[in-house]
Every structure is written in structure tokens, then in C-alpha cells.
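Please examine the sequence and the three-dimensional model displayed below.

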Amino acid sequence: MTPLPAHTPTGDVQAILDADGLAPGVIVASGGGYRLISRSVVDRVRTGCTAGELTSVSTLELPADTDIDVAAEAALDRPADEREEPVLVCWPDGRYGIAPIVDLLAAMAGRFARLSRTDPLTGLPNRAAVQSEGQRRLDAGELVAVVHLGLDRFQDANDVLGHLGADVLLNRVAAALGSARGSGNLAARLDGDQFVVLLSDLPAGQTPQSVGRRLAAGIRGPHPVDGLPISVEASIGISHADHHDVTVLMRRAAAAMRRAKHERTGVVEWTPTLDTNQRVDLRQLTELRAGLRTGHLRLHYQPLHDAASRRIHGAEALVRWQHPQRGLLPPGVFLPDAERSDVILELTDWVLAEALHQASVWAKAGHHIPVSVNLPPAYLAQDRAVDTILTLLDLQRVPATMLTVEITETAVLTRQEQVAAQLAQLRARGVRVAVDDFGTGYTSLGLLPALPIDELKIDRSFVVRMHDSPAHATIIDSVIAIARALGLTVVAEGVEDEPTAADLTTAGVDLLQGFGLNRPQPPDVIPTLPGLVTGSLTGV
């Protein structure tokens with residue numbers, strides 16, 4: 001709008017407004033600046049006021065890039081008799097315009113409406129929006145299933161990357177999820193590391209479960225965060241649209257996701273028995289504590305093979321629970337509960353003692369089989385951890401070189417100085433230290449040279465996809481190169497077939513572990529496997 005000269009007669013101002021019935025006012029040059037003369041002021045002149053009243057109302061002038069909330073707040077902060085006056089808007093290039101207060105308030109209301117239905121971090125719809133849209137689709141018969149995705153070990157990202165880095169990772173996941181969800185489906189972020197997808201369009205021949213796995217693959221990455229390639233795993237719960245309330249469907253999908261996370265099974269579909277089973281977790285924990293003390297736990301051992309010769313280099317101890325009623329239970333059924341309680345400390349003591357005793361038994365029979373034992377972060381948080389391990393080695397009369405302790409990246413990074421000191425004490429006695437599931441715990445590569453470790457175990461999620469994902473193959477090559485530079489042994493987990501074993505060997509991996517070579521076996525089976533190195537332990 002072109003400002004009028006200051007000497008413009010009042011009648012001319014009235015004529016301009018009469019000619020444009022929608023104009024909220026005019027802009028008039030005044031004292032080296034500009035003033036806004038609103039229609040209401042001009043109307044008062046028509047009813048007998050003097051022309052001097054055309055400048056009796058102050059002008060609120062705001063830059064054009066002022067945030068809409070700030071502009072509306074400034075307009076409403078004026079005296080009561082001026083709050084309905086429009087606002088003068090100025091641009092850097094000297095142009096001016098007029099913003100009626102009604103338009104400001106409408107824009108602000110529209111923004112608040114959008115914000116109330118949008119996740120502020122990722123820009124995806126939020127819980128309120130997905131519930132509303134989900135109910136609409138359900139009522140219209142357009143909803144097939146609800147898919148709930150929970151990122152695994154995301155607290156590690158907060159601990160290691162910091163909140164800013166974790167937010168970047170969430171945005172990367174949201175972008176990948178938004179592009180992978182498919183046409184007709186709606187992706188939303190609920191809170192934290194929880195996402196949901198409303199499935200309304202299933203590709204031909206696919207099921208909600210297969211779509212869930214495709215979504216998980218689509219967000220896996222690796223995603224660049226602070227220059228590091230970060231991969232993301234997700235646990236997924238699915239609820240089919242067989243109830244009239246979408247809130248119930250979302251609650252069921254969340255319950256199925258928790259079960260998938262609990263059992264580490266990837267994808268779980270909700271069934272009526274799932275809620276019943278989830279109520280027994282506390283009872284299961286009590287039973288586990290009792291089973292630990294009454295001899296119901298078992299150790300199975302999965303060999304590690306020398307990549308070049310395929311000889312058995314050692315065996316990882318993996319706990320099983322011989323439940324009196326439920327049979328032999330895998331660790332995914334009970335370890336997550338144990339790790340959230342002090343039972344994990346007693347359980348780890350038992351695994352260490354049992355594994356070292358078994359190494360001694362094998363040695364007395366002429367079989368040289370070092371053992372690897374996983375140490376959870378809670379165990380390393382104890383001051384007694386090192387003394388307990390060294391005492392058990394002495395009691396079983398097993399050389400320290402026969403034991404490898406496997407730790408997670410998170411265990412080191414969350415208590416770096418304490419854990420590094422403990423590991424240094426163990427290594428000084430001859431115990432080997434391996435970083436388990438390497439590549440999934442958000443490790444800063446700059447910390448590796450300072451850590452007292454001997455081995456890097458490449459996580460199976462990279463190994464199983466090395467042939468169909470160039471990115472995963474590149475990560476494996478990078479880990480091998482880093483290990484070589486630091487003088488570390490490289491172990492590849494999840495070797496499912498001979499071509500994978502051969503390619504990993506060619507790439508430079510030192511040790512191989514996986515179902516393609518040997519499944520976990522009871523201790524009496526291990527000596528019957530081919531590739532054992534015979535020998536005995538001094539002092540046994």
C-alpha cells in the first residue's frame with residue numbers, strides 16, 4: 001500500500017475508504033515516519049469528530065517477519081480502546097501494509113490448532129491427531145491395523161549422543177518413517193521414542209506384520225548423526241482393527257510392542273492372551289529368583305570359530321531357564337525383567353561361576369575351550385565386580401586367559417572412568433575384554449583407543465544384511481579397518497550360512513559365530529563338535 005502525504009484532506013481519506021469497502025484503513029506519512037489511520041477513526045470523524053482525531057490513536061508498527069504469536073500478543077497488549085485497531089506492517093524494502101487484528105488472531109488460532117495436532121520436534125502428527133484420525137478411519141471402515149514402533153535402547157542415544165544428538169536421530173527416523181509408510185497410511189510420533197502408523201492401505205499380498213517389518217527396515221539406517229553412522233532397531237506391536245474404539249487398538253498395539261521388546265522378537269501381533277501373560281512378569285521374576293537358587297538355570301554354549309581354520313576358538317555362555325511348567329525358556333523371555341532388578345547381579349555371579357567351572361571340566365578332559373560371559377551394565381556398576389571375577393577364577397583354578405568378558409558399548413560410555421578402570425584391572429590379570437553388539441550402541445569412535453579392550457563383536461544386524469545392503473557391508477569393512485589399526489580382534493556374530501562366513505573371512509574377520517556354524521549347545525555336546533583344540537590347563 002502506498003502511503004498518503006501528510007497533507008491529504010480528511011475528505012480524500014474518506015473517499016479512498018469508500019472506494020474500497022474492504023480496506024481496514026490507510027497509511028499516512030507523519031513526522032518522518034508513517035501512521036496508520038483505521039476505518040473506525042475515519043468513521044468517528046463522519047459522526048462529528050474533528051480532523052485532529054485522525055492521529056489520536058497510536059500506531060503499532062511491526063516488521064513483516066515478526067512471529068505471529070508475538071504480533072498478536074503485542075496487539076492485545078495495547079490499551080483497551082486500541083486493541084481492535086489494525087497493525088502497520090513494514091518490509092525491509094520500504095513497503096508497508098495493514099494487518100487487521102481479526103486476521104492476526106485468526107492466524108494465531110490456526111497456528112495453535114496446527115501445533116495442538118503436530119509433534120513440535122519431528123513435524124509428524126501427534127497423539128491427539130492420530131487418535132482423532134484413527135477413529136475417523138475406523139468408523140469409515142478405512143483402518144486395517146495400528147502399528148506401534150518403539151526404538152530399542154534409545155536411552156543409550158540420550159546418554160551418549162546427548163539430547164541434541166538424540167533429537168537429530170529422532171528427526172532422521174521420523175523422515176524415514178514418513179517416506180516408508182506408503183500411500184494412504186498415516187505416521188505419527190506419540191512421545192519419546194514411540195511412533196505409530198495407521199495402516200489403511202496394504203499392498204497386494206502383504207500383511208500388517210510384513211508391513212511392520214518393512215517399516216522397521218526403512219528406519220534402520222544408518223543415519224548420520226554428528227558424523228557417525230547410527231543404526232536404529234525397533235520393536236513393533238500390531239493391533240488389527242477389530243474393535244470400535246481406536247484408543248483400545250492403540251493400547252493393544254503398545255502392549256504388543258512391549259512384548260516384542262521384552263522378548264526381543266521384533267514384531268508381535270496382539271492377541272487376547274497377551275494382556276493376561278503380561279500380568280505375570282512380577283510372578284515370573286519371583287520364580288526366576290527361586291529357580292536360580294534351586295538349580296533350574298542352565299548354560300548352553302555357542303562356539304566361536306577361527307575364521308581361517310574353522311577350529312573352535314572358544315564358546316560363549318548363554319543362559320537358559322528350565323522352568324518346571326513352561327519348559328526350557330530362552331533368555332529373551334526372562335532376562336529383560338532380570339536386568340530391571342537386582343536379580344541380574346545374582347544371575348551374573350552364577351553364570352560366571354558355572355562357565356568357569358565348565359571350562360575347568362573341559363580342560364580336565366583334555367579340551368581347551370575358553371569361555372565368554374556377558375557382563376550387564378548393572379554388574380559393572382558394583383565395586384565388587386572385579387574382586388568377584390578374580391576370586392571365581394582362583395576358586396576354579398582357571399587361568400585368566402581362559403575368560404573373555406563381553407560388555408556393551410553403553411556399559412562403558414555411561415560410566416567410562418569407573419568401567420575402564422575395572423576392565424584395566426581384569427586385563428592386567430589376563431582376562432580378555434570384548435565389546436558386544438558393536439555398532440548398535442552409539443559409540444564415539446574417538447573413545448575406542450582409550451578403552452582397555454581386546455575384541456570388537458560386530459552386531460548380527462549388520463552381518464545378516466551385508467549381502468543386500470551396501471551400507472551394512474561398508475560398516476563391516478570400516479569396523480575391521482578400525483580394529484586392525486587398534487590391534488583388536490574382530491568377531492562377527494549372526495553368521496547364518498557358508499557364503500557369509502567365506503566373505504567375512506575374506507574381509508578380514510578373525511572369529512565367526514552364528515547358527516550357520518553351530519547353534520548354542522548343552523556343555524556335554526561341545527566336546528563332540530569338530531575343530532576342538534586339545535590340551536589342558538596348568539594347575540587343573
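The model is a predicted one, in which local features need pLDDT of at least 70 and side-chain atom pairs count only at pLDDT 80 or more, while totals for chains, interfaces and linings use all residues. Residues are numbered from 1 along each chain as its sequence is written, and side-chain values use heavy atoms, with hydrogens and water left out. Helices (H or I, at least four residues) and strands (E, at least two) are DSSP runs, numbered from the N terminus.

The description begins with a sheet of three strands. Strands of a sheet pair through backbone hydrogen bonds, either parallel or antiparallel. Here two strands are said to pair if DSSP finds at least two bridges between them. The strands β3, β4 and β5 form an open sheet in the order β3-β4-β5, with mixed pairing. At its edges stand β3 and β5, each of which pairs on one side only. On average, neighbouring strands of this sheet are turned by 35 degrees against each other, direction ignored.

Both kinds of pairing can be followed from β4. Strand β3 (residues 61-63) pairs with β4 in the parallel sense over 3 bridges, and Glu61 has Leu88 as its bridge partner in β4. On the other hand, β4 and strand β5 (residues 96-99) run antiparallel and are joined by 4 bridges. In β5, Tyr96 is the bridge partner of Cys90, and Ile98 is that of Leu88. The strands β4 and β5 form a hairpin with 5 residues between them, and Gly94 in the turn has a positive phi of about 95 degrees.

In a regular strand the side chains alternate between the two faces of the sheet. Strand β4 (residues 87-90) is covered on both faces: Val87 and Val89 on one side, and Leu88 and Cys90 on the other, are all buried. Buried means under 20% relative accessible area, exposed over 50%, and partly exposed in between (1.4 Å probe, protein chains only).

A further open sheet has 5 strands in the order β7-β8-β6-β11-β12, again with mixed pairing. The edge positions belong to β7 (186-191) and β12 (267-269), each with a single partner strand, so one side of each has no neighbour in the sheet. Neighbouring strands of this sheet are turned by 20 degrees against each other on average, direction ignored. Strand β11 (residues 234-240) runs parallel to β12 and is joined to it by 3 bridges; Ile236 has Val267 as its bridge partner in β12. Helix α5 (residues 127-139) packs on the sheet, touching β7 and β8 (194-199), and its direction makes about 140 degrees with that of β7. Helix α7 (residues 208-219) also packs on the sheet, touching β6 (145-151), β8, β11 and β12; its direction makes about 150 degrees with that of β11. Axes are lines fitted to C-alpha atoms, for helices over the stretch in contact, and angles run from 0 to 180 degrees between N-to-C directions.

The next topic is a helix pair. Helix α11 (residues 331-339) and helix α12 (residues 343-364) pack at an angle of about 120 degrees, with their axes 7 Å apart. That angle makes α11 oblique to α12; angles under 35 degrees count as roughly parallel, over 145 as roughly antiparallel, 65 to 115 as roughly perpendicular and the rest as oblique. Leu335, Ala338 and Glu339 in α11 meet Val343, Ile344 and Leu347 in α12. The residues of this contact divide into 5 nonpolar, no polar and 1 charged. Ala, Val, Leu, Ile, Met, Phe, Trp, Tyr, Cys and Pro count as nonpolar, Asp, Glu, Lys and Arg as charged, and the others, Gly among them, as polar.

The structure holds 2 aromatic pairs. Tyr301 and Trp362 form an edge-to-face pair, 4.9 Å centre to centre with 70 degrees between the planes. Tyr301 lies in strand β13 (residues 297-306) and Trp362 in helix α12, so the pair ties together parts that are 61 residues apart in sequence. Tyr301 is buried, at a relative accessible area of 0%, and Trp362 is buried at 3%. The rings of Trp321 and Phe334 have centres 5.6 Å apart and planes at 85 degrees, so this pair is edge-to-face. Rings of Phe, Tyr and Trp (its six-membered ring) pair if their centres lie within 6.5 Å; planes under 30 degrees apart count as stacked, over 60 as edge-to-face and the rest as tilted.

Finally, Gln422 is found in helix α16 (residues 416-429) and is buried, with a relative accessible area of 6%. Leaving aside neighbours within four places in sequence, Gln422 is in contact (heavy atoms within 4.5 Å) with Leu380, Gln382, Ala385 and Val386.
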